[in-house]
Amino acid sequence: MPVQEIIQRCEELFEDLSFSSVRAWKEAEPGRKVVGYMPIYVPLEIIHAAGMLPLGILGGGDALEVIHGDAYYQSYICRIPRSTVELGVTKRLDFVDGMLFPSICDVIRNLSGIWKLMFPDVYTRYFDTPQNFRSDIGGEFYVNDLRELVSGLENLGGRKISDDDLRASIEVYNESRRWVRKVYQFRSEQPWKVPASEVYLLMRAGQTLPVEDHTQMMKDYLAAVENEDRRMKDNCRVIVNGSFCEQPPLGLIKSIELAGCYIVDDDYMMINRLITEDVESEGDHLLNLSEAFIKHSMAFPSKFEPNGEVQGHYLADIVKQRGAEGVIFAAPSFCDPALLDQPMLANVLDERKIPYIAFQFAENSGQMQPIREQAGTFADSIKLWSAA
Amino acid sequence: MIHTIGIDVGTGAVKTVLFSADGGKTDWLVKRVERIRKRDPYKLAEETMNKALEEAGLSVDDIAYIATTGEGESLAFHTGHFYSMTTHARGAIYLDPEVRSVLDIGALHGRAIRIDERGKVLEYRMTSQCASGTGQFLENIARYLGITSEEIGELSLEADDPEVVSSICAVLAETDVINMVSRSISSPNILKGIHISMAQRLLKLLRATKVTDGAVLLTGGLALDKGLVAAMKEGVADPKSKTTVEVRGHEDSIYAGAIGAALWGAFRHEKLADIAALKIAS
């Protein structure tokens, strides 16, 4: 399948705020259930093992006019909860049977309460991942958390989730994450062949499609893109950081690239690759999922780093690992996790003499000229004035 | 010796230059400017580049680095793109090594840039989103007055009693001009009034970048507008301007962006070769 065809399909999924493909999946067989989730992380394996389709809810983007949503939040709160409320109030999510709100920030936690009040018939759960990373403390807490989720989804689906179901789902997601890592690795090695906007759309499609279909899509994409004749340009290599929850408009990602930057790593769609190694598929599956999160999950601002010696080092480590030349902090306005961590991350970058710039966006930002200007001058400063 | 091309895709015209570079020595071989006039700027850029190559007796394979600037970032065939501020700064130093500031006045924006002797940008300010300090605004006015863009400068110099127009907003300024036409104010006096208003705005931008003395080079499409250059000089001469800058033009000012792109392209070509050599050595 040609790259253009794959990306066009991804773009259709991305733009469809009625979630037609998910509705079609649900209607294809009686009794099917859809469980929505918000960024950054929920254990999709359990939803999958329950025979349900996980659906990533990432706000309304720049195409949705928020009218009702503004009534629920103060003006100094980011936009994703407003547009998510808007999606709910306008019945765009009326087919969703359950909603999971991970512990990313107070706003999303409070949104779980709003959801319960607005949609009492929807299985709604605030999903609290541990902030203690000892297996016997945080790990045990998390296993119990997962057990409650399993129980909740069993009630919702009207059937038990067996060990075999969990094992199969863990294997399916292990394969998915392997391919996600391959896509990211390939982009890091040959970013001129894999534009960030395409990777973004490809990863975003994983929030809507059944995981098996998404894995196949990634395989098809990598096979197709290898043969694409795309010229290498003299762009600088950057990491984009801070966009793990509310998503930037696609135009912003394209603007960064057009301005002369190859994005060689990012924190968009972290759920696709937050677990960095295969989850053990034999033994106690909930314990295995817990251990994967405790021991093998990527660092992100909503996750506590107990070791003060390495706090904030993860970004600089990614810069080194990817051979990047700079960092672009692109955080949503009013995003507490991203903006509160930014000074700490920037301090480490300063210590390691890694250049960076910072700007903020909202999911409906329309004016890209300032972004182009900042990213363009940043790229020039790296290309012309860096020591390398 | 290598050859590099700089292509500046502006809103009103595409400027293309071709340089040869040998170590620190550079030779400017070809220059071409094409007004866009409702044509596809990207096709035009490619055509202009091909004409430049033909004129130099070279083929595209002989070019070590095709550098774009302005709106040229979407050109598929470029090697690298540089932001227009970076290229105008470098181009200005090439055209006039004494200048330490640049006023780039294009079709859609005006921009003051403070630079060092290497052409490195130290500070800049732009005319945000309002078009009242730009070429597009002047072209609109020319249309109202029934004159061509090329006539603007000469007519402005004929003014004997210029009328002041708004320097804040292009919409207000255009309304002012329509009123002036209905009051039978002469075209030279209207144009001079506009030039004075633009000059005041551009001098403010310069002051905002902490440029109050030394030589400033005008670049961009409006650098060749004699009326604007005269208004700038008169503006500086006014003690209220709080500046003693020396406003300079150059016959090739319009190529500053393209020149900067070509020269930075040569620099990058060399730097990338050094990096590759370092990698091989390690």
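In which sense do β9(B) and β10(B) pair, and over how many bridges? They pair in the parallel sense, over three bridges. This is a predicted model, in which local features need pLDDT of at least 70 and side-chain atom pairs count only at pLDDT 80 or more, while totals for chains, interfaces and linings use all residues. Residues are numbered from 1 along each chain as its sequence is written, and chains are lettered from A and ligands numbered from 1 in the order in which they are written.

**The five-stranded sheet of chain B**
- The strands of this open sheet follow the order β8-β7-β6-β9-β10 with mixed pairing; two strands pair if DSSP finds at least two bridges between them.
- Helices (H or I, at least four residues) and strands (E, at least two) are DSSP runs, numbered from the N terminus.
- β8 (121–126) and β10 of chain B are at the edges with a single partner strand each, so one side of each has no neighbour in the sheet.
- From one strand to the next, the twist averages 20 degrees; angles run from 0 to 180 degrees between N-to-C directions, and axes are lines fitted to C-alpha atoms, for helices over the stretch in contact.
- Opposite Leu217(B) stands Arg248(B) in β10(B).
- Packing on the sheet, α6(B) touches β6 (101–105), β7 (110–115), β8 and β9 of chain B; two residues are in contact if their C-beta atoms, placed from the backbone, lie within 7 Å.

**A hairpin in chain B**
- Strands β2 (residues 13–22) and β3 (residues 25–35) of chain B run antiparallel and are joined by 10 bridges.
- Val17(B) has Lys31(B) in β3(B) as its bridge partner.
- Two residues lie between β2(B) and β3(B) in this hairpin, and Gly23(B) in the turn has a positive phi of about 60 degrees.

**Helix α7 of chain B**
- Its buried residues are Gly227(B), Leu228(B), Val229(B), Ala231(B), Met232(B) and Gly235(B); buried requires 20 or more other C-beta atoms within 10 Å of a residue's own, exposed 12 or fewer, and partly exposed is in between, with C-beta atoms placed from the backbone.
- These buried residues of α7(B) pack against α4 (152–157), α6 (187–208), β9 (215–219) and β10 (246–248) of chain B.

**A helix pair in chain A**
- α8 (residues 196–205) and α10 (residues 250–258) of chain A pack at an angle of about 150 degrees, with axes 8 Å apart.
- α8(A) and α10(A) are therefore roughly antiparallel; angles under 35 degrees count as roughly parallel, over 145 as roughly antiparallel, 65 to 115 as roughly perpendicular and the rest as oblique.
- Ala196(A), Ser197(A) and Tyr200(A) of α8(A) meet Leu250(A), Ile253(A), Lys254(A) and Glu257(A) of α10(A).
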